[in-house]
Amino acid sequence: MTTTRDQPVSSPGADRADLSSRLQIDIRDELLDLALTHRSYAYEHGGIGNNERLEFLGDSILGQAVTVMLFTENPDLDEGELAKRRASLVSTVALAEVARHIGLGAHLRLGRGEELTGGREKHSILADTVEAIIGATYLDAGADAATALVLRLVAPLLLDPGRFGAAMDPKTSLQELSSSLGRGMPSYHVTDSGPDHDKRFHAVVRLGGDDVATGTGSSKKQAEMAAALDAWSSLSAESR
């Protein structure tokens with residue numbers, strides 16, 4: 001069947017009313033559509049708008065809201081500790097976790113290639129879409145509503161204090177958790193792609209011969225740390 005521009009490509013059964021209920025806010029249809037539109041879908045539909053500008057806006061609002069919240073609620077923490085906690089809460093892994101908590105993947109508008117390669121579960125796409133929704137909320141309902149949305153979204157993450165230690169040293173945290181669960185020592189397999197001036201590194205964490213998580217970054221170290229944090233988050237959820 002041919003897909004037209006007027007047909008949103010979202011998972012079968014995806015209910016926008018359910019998404020609005022989980023977000024606890026109604027966003028105008030045209031803004032919500034834009035926030036959910038990945039560039040792959042936009043490209044396949046004649047270059048219509050995508051969510052990258054909203055993502056840019058939402059990233060700024062997210063950072064400010066989390067910074068003010070941490071500063072206000074943790075008067076005894078120094079600047080270094082506050083920065084580490086903020087990094088944990090606004091990381092791609094954390095935002096992808098937020099996206100899964102609200103079932104965001106089912107609502108994404110993806111191109112055929114991303115659809116076929118598991119785009120609805122990709123950390124980067126999910127995290128970027130969360131930021132785009134925050135940006136859309138700001139444009140539709142204002143700064144206070146956008147800030148309130150951010151705080152609602154990150155609230156479940158604050159219930160897991162171990163997250164902050166993992167964000168500071170994810171490889172050590174993963175090693176300790178894996179050992180305590182009898183899963184053995186993690187190992188990392190890293191590949192790279194792209195031209196020399198703009199390489200991207202892709203890391204896979206393996207436990208007991210199984211690939212358990214992946215991560216990307218602009219350096220081998222960044223990719224391994226992203227993969228380790230992803231693996232730590234998954235193992236933590238399994239062990240609860």
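User: Before we get to S1 and S2, what makes two strands count as a pair?

Analyst: Two strands pair if DSSP finds at least two bridges between them. In this predicted model, strand S1 (residues 187-193) and strand S2 (residues 200-207) share 7 bridges in the antiparallel sense. The cut-off is at least two bridges, so S1 and S2 count as paired.

User: Which residues in S2 are the bridge partners of Tyr 188 and Ser 193?

Analyst: Tyr 188 is bridged to Val 205, and Ser 193 has Arg 200 as its partner.

User: What do S1 and S2 form, and how many residues lie between them?

Analyst: They make a hairpin, with 6 residues between the two strands. In that turn, Gly 194 has a positive phi of about 95°.

User: Why is one side of S1 and of strand S3 left without a neighbour in the sheet?

Analyst: The sheet is open, has 3 strands and runs in the order S1-S2-S3, with antiparallel pairing. S1 and S3 (210-217) stand at the edges with a single partner strand each, so one side of each has no neighbour in the sheet. Ignoring direction, neighbouring strands here are turned by 20° against each other on average.

User: Where does pLDDT stay under 50?

Analyst: That's residues 1-9, for which the model has 20 contacts beyond four places in sequence.

Note on methods
Residues are numbered from 1 along each chain as its sequence is written. This is a predicted model: local features need pLDDT of at least 70, side-chain atom pairs count only at pLDDT 80 or more; totals for chains, interfaces and linings use all residues. Side-chain values use heavy atoms; hydrogens and water are left out. Helices (H or I, at least four residues) and strands (E, at least two) are DSSP runs, numbered from the N terminus. pLDDT is the predictor's confidence in each residue, from 0 to 100. Contact means heavy atoms within 4.5 Å. Axes are lines fitted to C-alpha atoms, for helices over the stretch in contact, and angles run from 0 to 180 degrees between N-to-C directions.
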